[in-house]
Amino acid sequence: MNQSLPQDVFDQIAAEERHFAEAPRAFFEAWKRGAEIAGPEWFGDGTPEGLQRATSKWDLRPKVLLLNDALDVLSGGQRMFLSAMVSFYNAREGGAMLKRCGFEGLSDLGGLDLERRKVIADLVLNYSGW
């Protein structure tokens, strides 16, 4: 018995393959936008020049220790945004930071402005591991 799959299944597979082939580039672009919004001092070498020179997510690793030390003096939105970004880099550290911010679930991201929401949405959509 020879049954072939419907064309829409093949189309869906092809669409997903295209998406995930482009995901690392799209993730980096979203990550870099997030670093620009939050400020270069929290990422990579901590300089605007380092942010501009960055060619991969590895060039813009979050400064987790510095962020942890500064978390209590940042605004609520900045804390939430940076903690959410860190959670892509290191789930345990980012999760602990989110907990300190009072994050209880994804609906808490509703407090972010549109620009930051778009960054987080793009990171979620294109995450393929750090």
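This note goes through some helices, a loop residue and a group of aromatic rings in a predicted model.

1. Helix α4, which runs over residues 76-89, has 14 residues and reaches 20 Å from its first C-alpha to its last, close to the 20 Å expected at 1.5 Å a residue. Its buried residues are Gln78, Met80, Phe81, Leu82, Ser83, Ala84, Met85, Val86 and Phe88, and what covers them includes α1 (7-38), α3 (64-70), α5 (91-100) and α6 (114-126).

2. Helix α6 has 13 residues, and the 18 Å between its first C-alpha and its last is close to the 18 Å expected at 1.5 Å a residue. Within α6, the buried residues are Arg116, Val119, Ile120, Leu123 and Asn126; they cover an arc of only 145 degrees around the axis, which puts them on the same side of the helix. These buried residues of α6 pack against α1 and α4, whereas the face turned away from the buried side carries the exposed residues Leu114, Val124 and Leu125.

3. Phe81 is itself among the buried residues of α4.

4. The structure holds nine aromatic pairs, and one of them joins Trp31 and Phe43 in an edge-to-face arrangement, with 5.7 Å centre to centre and 90 degrees between the planes. Because Trp31 lies in helix α1 and Phe43 in the loop between α1 and α2, the pair ties together parts that are 12 residues apart in sequence. Trp31, at 0% relative accessibility, counts as buried, and Phe43 counts as buried at 3%.

5. Trp31 also pairs with Trp130: the ring centres are 4.9 Å apart and the planes stand at 65 degrees, so this pair is edge-to-face. Since Trp130 lies in the segment after α6 while Trp31 lies in α1, the pair ties together parts that are 99 residues apart in sequence. Both tryptophans are buried, and the charged end of Lys57 sits over the ring of Trp130, 5.3 Å from its centre.

6. One aromatic cluster is formed by Phe27, Trp31, Phe43, Trp58, Phe88, Tyr89, Tyr127 and Trp130. Of these, Phe88 is a buried residue of α4.

7. Asp59 is found in the loop between α2 (48-53) and α3, and it counts as partly exposed because its relative accessibility is 35%. Leaving aside neighbours within four places in sequence, Asp59 is in contact with Gly44 and Ala54. Asp59 and Gly77 are 18 residues apart in sequence, and their C-alpha atoms are 24 Å apart in space.

Terms used:
Residues are numbered from 1 along each chain as its sequence is written. This is a predicted model: local features need pLDDT of at least 70, side-chain atom pairs count only at pLDDT 80 or more; totals for chains, interfaces and linings use all residues. Side-chain values use heavy atoms; hydrogens and water are left out. Helices (H or I, at least four residues) and strands (E, at least two) are DSSP runs, numbered from the N terminus. The expected span of a helix is 1.5 Å times one less than its number of residues. Buried means under 20% relative accessible area, exposed over 50%, partly exposed in between (1.4 Å probe, protein chains only). Contact means heavy atoms within 4.5 Å. The arc is that of the directions from the helix axis to the C-beta atoms. Rings of Phe, Tyr and Trp (its six-membered ring) pair if their centres lie within 6.5 Å; planes under 30 degrees apart count as stacked, over 60 as edge-to-face and the rest as tilted. A charge sits over a ring if NZ of Lys or CZ of Arg is within 6 Å of the ring centre and within 35 degrees of the ring normal.
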